[in-house]
Amino acid sequence: MVRAAEYIPLGLEGQVIVLKRQKSERRRIILGGFIVLVLIVTIPLILFVGGRSWPPKASTTVAVSSFRGGATISAINDKVVLMHKTGHSVIYDRIPIQFVEPRPDIPNRLIYSDVSLQMANFSVVDALANLTDFLSQSPISSDEYYRLQTAHQNGDNVAPTKTGWTLDRFKFAPLTTHAWKTYPNASWYITVDGDSHLMWSTLLRWLERYFDRPESNAWYLGYDEVGSRESSEFFAHGGAGYAMSRALVEALHKGDPDGIKFNRDSHFEETICGDCALGTVIAHLPGRNGHTDAGGDVFHHDGLDKLIFRPRLWHTYVLSLHHNTPDQLNYLRQWEKRFLPTIPEWDGVRQCDVLYGLTPAFLRNPLQAYLRAVAAVNNSTHSDEDADAARQELARLNRTVIQPAWKADQVDRWECNAACMNRNGGQMTAEVCDRACDSHKNCYGWQLSQSSCFLALNGFRIGSPEDPKSQISTAWRLDRIADLETAMPCSDLDFRWAADERGHGLKAGKSDQLNTGLDQRWIVPNRTSVANKDGHGASWNRTTPWILPQGPYQPKGTEASNKGEAKNQTNT
């Protein structure tokens, strides 16, 4: 088990509060003796009256009792450190909801901000406390830091500013150093923004299954984002969350055990975003090529409204969602707590689970009704009255859900131009837009305004409310979603296991979420039976790694064969 080292947190003075001794020890002795006497008299009486009902049986409703099925606490949970990064101007809007619930499945949690304070039983570490000399080279950031410090000392409310984001970039390196020095024997260090939600148990199973030897392999995992249009160096998006193995963190501190050089690397001053700068620093380590090692399709740098639901990602893990309000963070966690105990221990949260469990009621309810009707038709014969009733019920339901004043950024969007409109009726109406969707077999919905009709091809998003004055409506085709569900049932354990056998987001480099070509060539995969595997198939007993990190892989002499194996797995 990983235990915290004796390391004084940044920004805390390490003061020890010594309670004053009672003036009268005699009074305490008398009181203690009286309590003992009462217990000696009452316990036999209770035993006599209550028989064997005393002592009461230990409660079975302990905190860990809800961690069943897919929520079962992972064997590596105490080897993982979770770092929440936030800022003082937004900390009270983001952090309390993350810590209001006891989480025995996340034993090693740290909070980093730009002001040191105590929040319930958790210390908020000032990640910048030892960097004032470096901050002085950026007057705007330095002024913001001292503004926050002064406001906190004076008990003033602090309003968020754009400058706070520029200050944020300096936290990435020192929080990494602090977490490593606090938990030097951890296997993984996970960093995430305060407004992000991690599907924690799913994340741990992903790490445990696919990434070998984090103590010696330098893994850098996350949503692969490009630093700039001219740059060939990518980085793991901080809002989506990213994971660094112990070997990578140690490499960042090689010859620099206290992080003096690392924390003051010029890239953090020259680059506006800290996750970009961190990615550049990692890219310059020996053996790196500028990309993350994996994670592009499973870490998400936006929220539920922009999550892309695609056929080829239908059973893919969802490890994180970003840009959540406090009520959304609570909503995500409460759903996760209900859902995880219903799936096997080897399983995790998939995209189709998120669709059916977290979409707004105006879409979720009619979608579930439509799916039930489709299942009733498919499960009935064509000769009995039940079959006729099932087909009549399906015909009665609307195949399209239209939501006014709602906008969903279209996936692989295709505009129905004037010629398209003329072919389908000539007017910019919902009926015409829906007929245009009919002509594209991969159309999952559309977006209509006064002047345009855009089709969502190869996938769809949920979207979010829009100003009614914009007169924008969004529609989802339930029949197309039902076809997808019929071909690859979300709850089918064989399909879920087959996705695990192929691997989740194991391709190094840029995410494929926006790659239309992959969807056009994609076909429904074969099922892989989980029968007689007890949740542990052949892939759990692999003798070769799923993939390799970009750095040298030890022991020497095995690189060629391992790379061939890794290539075969990631291309499936």
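The count of aromatic pairs in this predicted model comes to 17, where rings of Phe, Tyr and Trp (its six-membered ring) pair if their centres lie within 6.5 Å. One of them joins Trp 346 and Trp 497, whose ring centres are 4.9 Å apart with 85° between the planes. That makes the pair edge-to-face, a label for planes over 60 degrees apart, while those under 30 degrees apart count as stacked and the rest as tilted. Trp 346 lies in the loop between helix H12 (326-339) and helix H13 (351-358) and Trp 497 in helix H19 (residues 493-502), so the pair ties together parts that are 151 residues apart in sequence. Both Trp 346 and Trp 497 are buried; buried means under 20% relative accessible area, exposed over 50%, and partly exposed in between (1.4 Å probe, protein chains only).

The model is predicted, with local features needing pLDDT of at least 70 and side-chain atom pairs counting only at pLDDT 80 or more, whereas totals for chains, interfaces and linings use all residues. Residues are numbered from 1 along each chain as its sequence is written, and side-chain values use heavy atoms, leaving out hydrogens and water.

Ring pairs also link Trp 188, Trp 206, Phe 211, Trp 219 and Phe 299 into a cluster. Arg 413 lies over the face of Phe 454, at 3.9 Å from the ring centre. The rule asks for NZ of Lys or CZ of Arg within 6 Å of the ring centre and within 35 degrees of the ring normal.

Strands (E, at least two residues) and helices (H or I, at least four) are DSSP runs numbered from the N terminus, and two strands pair if DSSP finds at least two bridges between them.

Here are some of the pairings.

| Strands | Sense | Bridges |
|---|---|---|
| S1 (residues 80-85) and S5 | parallel | 6 bridges |
| S5 (residues 188-193) and S10 (residues 242-245) | antiparallel | 4 bridges |
| S2 (residues 109-113) and S4 (residues 122-126) | parallel | 3 bridges |
| S3 (residues 117-119) and S4 | antiparallel | 3 bridges |

Strand S5 deserves a look of its own. Because 6 of the 6 residues of S5 are buried, the strand is largely enclosed by the rest of the structure. Trp 188, Ile 190 and Val 192 point one way, and Tyr 189, Thr 191 and Asp 193 the other. In a regular strand the side chains alternate between the two faces of the sheet. Ile 190 stands opposite Leu 82 and also opposite Ala 243 in S10, while Thr 191 has Tyr 242 in S10 as its bridge partner.

At the other end, S3 and S4 form a hairpin with 2 residues between them, and Ala 120 in the turn has a positive phi of about 55°. Met 119 has Phe 122 in S4 as its bridge partner, and Ser 113 stands opposite Asp 126 in S4.

Finally, Gly 425 is in the loop between helix H16 (418-424) and helix H17 (430-438). At 51% relative accessibility, Gly 425 counts as exposed.
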